[in-house]
Amino acid sequence: MADAVLYDVTDGLATITINRPEAMNAMNVAAKEALRDAARAAADDSAVRAVLLTATGKAFCVGQDLKEHVSLLSAAEQSGSGGVMSTVREHYNPVVRALTGMAKPVVAGVNGVAAGAGLGFALAADYRIVADTASFTTSFAGVALTADSGVSWTLPRLVGPSRAADLLLFPRSFSAQEAYDWGIANRLVPAAELAAEALKTARALAEGPTVAYAALKESLAYGADHSLDEALDKEEELQARAGSSEDHAIAVKAFLAKQPPRYLGR
């Protein structure tokens with residue numbers, strides 16, 4: 001059996017590939033554990049300067065593997081053990097925390113449908129490149145569940161609380177074009193170009209000023225729920241950090257020399 005998630009680090013870029021194409025990249029326990037561990041590995045590896053999250057086959061990720069989920073629910077009911085939904089604590093939350101919290105940019109290359117937790121993983125990325133044939137589905141209420149994988153936090157911040165409520169209360173699929181129009185997709189590309197464009201973008205970030213990217217990521221998250229005065233103080237703190245980095249010195253020297261900078265990521 002092929003690995004449910006593939007992990008590769010090359011030239012500072014960690015590529016995490018969900019690899020269950022026969023199941024539309026649905027998340028069974030093995031896949032959830034592998035994705036969690038890969039995201040944590042990328043976050044903790046100082047040699048990794050950017051991350052590309054993508055998938056094989058026709059889907060990005062359709063969320064929970066419901067076939068496995070039904071069998072786990074049945075087994076829990078017979079044993080009286082419960083705890084099936086502990087997967088949110090054990091798997092989904094750690095994945096989203098690793099993607100959003102790592103001090104390096106994360107690019108999602110969305111090649112096909114992203115539903116449920118798959119939508120959550122895509123929204124947890126810092127930048128989304130989406131195939132024009134892809135789609136997104138807010139499927140939680142459709143199986144009598146609430147939002148998880150950070151969707152209750154990320155979705156309203158991208159599309160606004162009113163549209164988020166509409167999509168979650170009345171779950172449906174929406175197109176790649178709608179995702180672009182609403183600000184979910186940063187870029188929309190032909191499906192045949194998705195893999196190359198996502199890789200090109202992620203590699204460019206892996207070669208960039210990593211300390212500055214980390215500061216930008218932190219400041220955007222902080223500014224989302226703090227006052228202007230607090231955001232200004234945070235910017236002062238983060239600018240001091242970025243300004244003392246080797247990459248800043250490299251950038252200034254390169255600018256004065258009219259040469260492209262070659263960043264070290266520190």
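The side chains of glutamate 246 and arginine 266 come together in a salt bridge, 2.9 Å from N to O (the term covers a side-chain nitrogen of Lys or Arg within 4 Å of a carboxyl oxygen of Asp or Glu). Glutamate 246 sits in helix H11 (residues 246-256) and arginine 266 in the segment after H11, so this contact ties together parts that are 20 residues apart in sequence. Both ends get some solvent: glutamate 246 is partly exposed at 39% relative accessibility, and arginine 266 is partly exposed at 48%. Here, buried stands for under 20% relative accessible area, exposed for over 50%, and partly exposed for in between, with a 1.4 Å probe and protein chains only.

A word on the model itself. It is predicted, so local features are taken only at pLDDT of at least 70 and side-chain atom pairs only at pLDDT 80 or more, while totals for chains, interfaces and linings use all residues. Residues are numbered from 1 along each chain as its sequence is written, and side-chain values use heavy atoms, with hydrogens and water left out.

Taken as a whole, the chain has eleven helices and ten strands; these are DSSP runs numbered from the N terminus, helices being H or I with at least four residues and strands E with at least two. Along the principal axes, the C-alpha atoms fill a box of roughly 70 × 45 × 35 Å. Of the 266 residues, 43% are buried.

On to the sheet. Six strands make an open sheet in the order E1-E2-E3-E5-E7-E10, and the pairing is mixed. Strand E1 (5-10) and strand E10 (187-189) are at the edges with a single partner strand each, so one side of each has no neighbour in the sheet. From one strand to the next, the twist averages 15°; axes for such angles are lines fitted to C-alpha atoms (for helices, over the stretch in contact), and angles run from 0 to 180 degrees between N-to-C directions. Strands count as paired if DSSP finds at least two bridges between them. E1 and strand E2 (residues 13-18) run antiparallel and are joined by six bridges, with tyrosine 7 partnered by isoleucine 16 in E2. Strand E3 (residues 50-55) and strand E5 (residues 106-110), by contrast, run parallel and share three bridges; here leucine 52 stands opposite valine 107 in E5.

The E1-E2 pair is a hairpin with two residues between the strands. One of the turn residues, aspartate 11, has a positive phi of about 50° and is exposed at 72% relative accessibility. Most residues other than glycine have a negative phi. Alanine 144 also has a positive phi, near 60°. Alanine 144 lies in the loop between E8 and H5 and is exposed, with a relative accessible area of 69%.

Leucine 145 is found between strand E8 (135-137) and helix H5 (151-159), and is partly exposed at 38%. Together with Leu66, Met85 and Val143, Leu145 forms a nonpolar surface patch with about 320 Å² of accessible area. Patch members need over 30% relative accessible area and no salt bridge; like charges are joined within 9 Å, and nonpolar side chains (Val, Leu, Ile, Met, Phe, Trp, Tyr) within 5 Å. The areas come from the Shrake-Rupley method with a 1.4 Å probe, and for residues only the protein chains shown count as cover.

Back to the charged pairs: the structure holds twelve salt bridges. Aspartate 65 and arginine 20 form one of them, at 3.0 Å from N to O. This pair links distant parts of the chain, 45 residues apart: aspartate 65 is in the loop between strand E4 (59-61) and helix H2 (66-79), and arginine 20 in the loop between E2 and helix H1 (29-44). Both residues are buried. Lysine 234 and glutamate 237 make another salt bridge, with the closest N and O atoms 3.3 Å apart. The two are three residues apart in helix H10 (residues 228-243), and therefore separated by about one helical turn. Lysine 234 is buried at 13% relative accessible area, whereas glutamate 237 is partly exposed at 39%. Salt bridges with shared partners join Glu218, Lys234, Glu237 and Arg241 into one network.
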